[in-house]
Structure formats: structure tokens, C-alpha cells
Amino acid sequence: MSNEKQVDPGRRGLLVATCAAGGVAGLATTGMFVSTFQPSERAKAAGAPVEVDLTGMAPGEMRTVEWRGKPVWILRRSEDMVASLKKTDSQVADPNSERNPDELTPEYARNEYRSIKPDFLVAVGICTHLGCSPVTRFATGAQPSLPADWQGGFLCPCHGSTFDLAGRVYKNKPAPDNLEVPRHMYLSDSRLVIGQDEKGEA
């Protein structure tokens, strides 16, 4: 003799209908939140965004992460580094990031810092001349291949292009443009997403 309880057919139908309605409502609610944070088709085609933990980064420290096969630099600029940008304004070729802005500098980074936050630079570490990767030259003053009033920045070892601490190329150098600033956003003070901004654009 079976111990299973028999469910009245009428109650079973009501139970199924209730579960189905609840499931549809739950999916509708979930869909609303998921669609809000879905990347655009352009972002999907470009490749997955990369999330970076900035916890513990000291002023003057730089980290490199890979995004879409490219090295992306994250530099936490010190107060002196930030102050140096005013000194290099007159020495760089495109101080206001007006050249190819849609390709190289998102609207939210078209400022003297070329960034969302003054103390953080996020830039693709590839020279805009022929694709070499510049090296860091953060120390100030005269050095080989650098001027006596050098304020710190980046030097491309291939053909000598130099960039300031905002990734702006100096005048009369082979590189035609500033370093690219990828689309990015901050999820919190310590969480950075590279490859997607708040509009879902890549």
C-alpha cells in the first residue's frame, strides 16, 4: 500500500498556475535588471571587459593588464605626477586630446588628466607610431634620450617618441597621437573595469 498523499486534481491545477505566474514575474524582474547591465553589441564584439582590483596600489605604482591582446597600463599618479601635467601642457602636441577623439579618448577622459580620476591613468601601452611598447621613465630630470627638464613619463625605445604622465605625445616626435585611453569605469574606489563604460560601450 502506497504512503504517497493524493493531491486533489483541482488543487493541483491551482498550484501549477500559481508557480507558473510566479516564475514569469520572477523572470520579468530578473530580465529588467539583467538588461540594464548588459553590454552593447559593440562591447560584445570587442571582447570581454577586464575587472581590476586596485586595492593597495601606492602613488607612483603602475600595473599592466591584458585586454583584447593589448597591454593596458594603470598608473596611480602621485600628487607630484598630477602637478607635472600643467608643466607639460605647452610641450605636448595635443594637450586637449582633440586628435581622433572618438578612437583615442572617450569623452569623459578629454581633460588635462585624460582620465576619470586625476590620480589614475588608464592607457593602452602601445605607441601610436608603429606599435612598439613604451617603457616607463618616471624619474625627473636629464637622462639619456630625454630633455633636461623631463617631468616623468614614457619613452618609446623604437623611435624615440615620448609621452607625459597623461599619455600625451610630445611635439616633434614620430608618434602622431596620444596613447589610447580605453573605455573604462569604476565599480567602486577599488574596482576598475576596462573595456566597458557606464553606457555599455566598448
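**Strands, sheets and rings**

Modeller: Let us begin with a hairpin: β8 and β9 form one, with two residues between them. Strands (E, at least two residues) are DSSP runs, numbered from the N terminus. The model is predicted, so local features need pLDDT of at least 70 and side-chain atom pairs count only at pLDDT 80 or more, while totals for chains, interfaces and linings use all residues. Residues are numbered from 1 along each chain as its sequence is written, and side-chain values use heavy atoms, with hydrogens and water left out.

Colleague: How many bridges join β8 to β9?

Modeller: Two strands pair if DSSP finds at least two bridges between them. Here four bridges join β8 to β9, and the two strands run antiparallel. His184 has Ile194 in β9 as its bridge partner. Strand β9 (residues 191-194) is also joined to strand β1 (residues 50-53), by four bridges and again in the antiparallel sense. Val52 has its bridge partner in β9 as well, namely Leu192.

Colleague: In what order do β2, β3 and β4 stand in their sheet?

Modeller: In a regular strand the side chains alternate between the two faces of the sheet. The three strands form an open sheet in the order β2-β3-β4, with antiparallel pairing. At the edges are β2 (62-67) and β4 (120-124), each of which pairs on one side only. On average, neighbouring strands of this sheet are turned by 20 degrees against each other, direction ignored; the axes are lines fitted to C-alpha atoms, and angles run from 0 to 180 degrees between N-to-C directions.

Colleague: Which residues stand opposite each other in this sheet?

Modeller: β2 and β3 are joined by six bridges, and Arg63 stands opposite Ile74 in β3. These two strands also form a hairpin with two residues between them, where Arg68 in the turn has a positive phi of about 55 degrees. β3 and β4 pair over five bridges. Leu75 stands opposite Leu121 in β4, and Trp73 opposite Ala123 in β4.

Colleague: How many aromatic pairs does the structure hold?

Modeller: A pair of aromatic rings is described by the distance of the centres and the angle of the planes. Rings of Phe, Tyr and Trp (its six-membered ring) pair if their centres lie within 6.5 Å; planes under 30 degrees apart count as stacked, over 60 as edge-to-face and the rest as tilted. The structure holds four aromatic pairs. One of them is stacked: Trp73 and Phe154, at 4.4 Å centre to centre and with 20 degrees between the planes.

Colleague: Why does this pair tie together parts that are 81 residues apart in sequence?

Modeller: Trp73 lies in strand β3 (residues 70-76) and Phe154 in strand β6 (residues 153-155), so the pair ties together parts that are 81 residues apart in sequence. Trp73 counts as buried at 4% relative accessibility, and Phe154 counts as buried at 0%. Buried means under 20% relative accessible area, exposed over 50%, and partly exposed in between (1.4 Å probe, protein chains only). Another pair, Trp150 and Tyr170, is tilted: 5.6 Å centre to centre, with 35 degrees between the planes. Trp150 lies in the loop between β5 (135-137) and β6, and Tyr170 in the loop between β7 (162-163) and β8 (184-188), 20 residues apart. Both Trp150 and Tyr170 are buried. Ring pairs also link Trp73, Phe138 and Phe154 into a cluster.

Colleague: Where does the charged end of Lys117 sit?

Modeller: A charge sits over a ring if NZ of Lys or CZ of Arg is within 6 Å of the ring centre and within 35 degrees of the ring normal. The charged end of Lys117 sits over the ring of Tyr186, 4.3 Å from its centre.

Colleague: What pLDDT does the chain average?

Modeller: pLDDT is the predictor's confidence in each residue, from 0 to 100. The chain averages 83, and 77% of the residues score at least 70.
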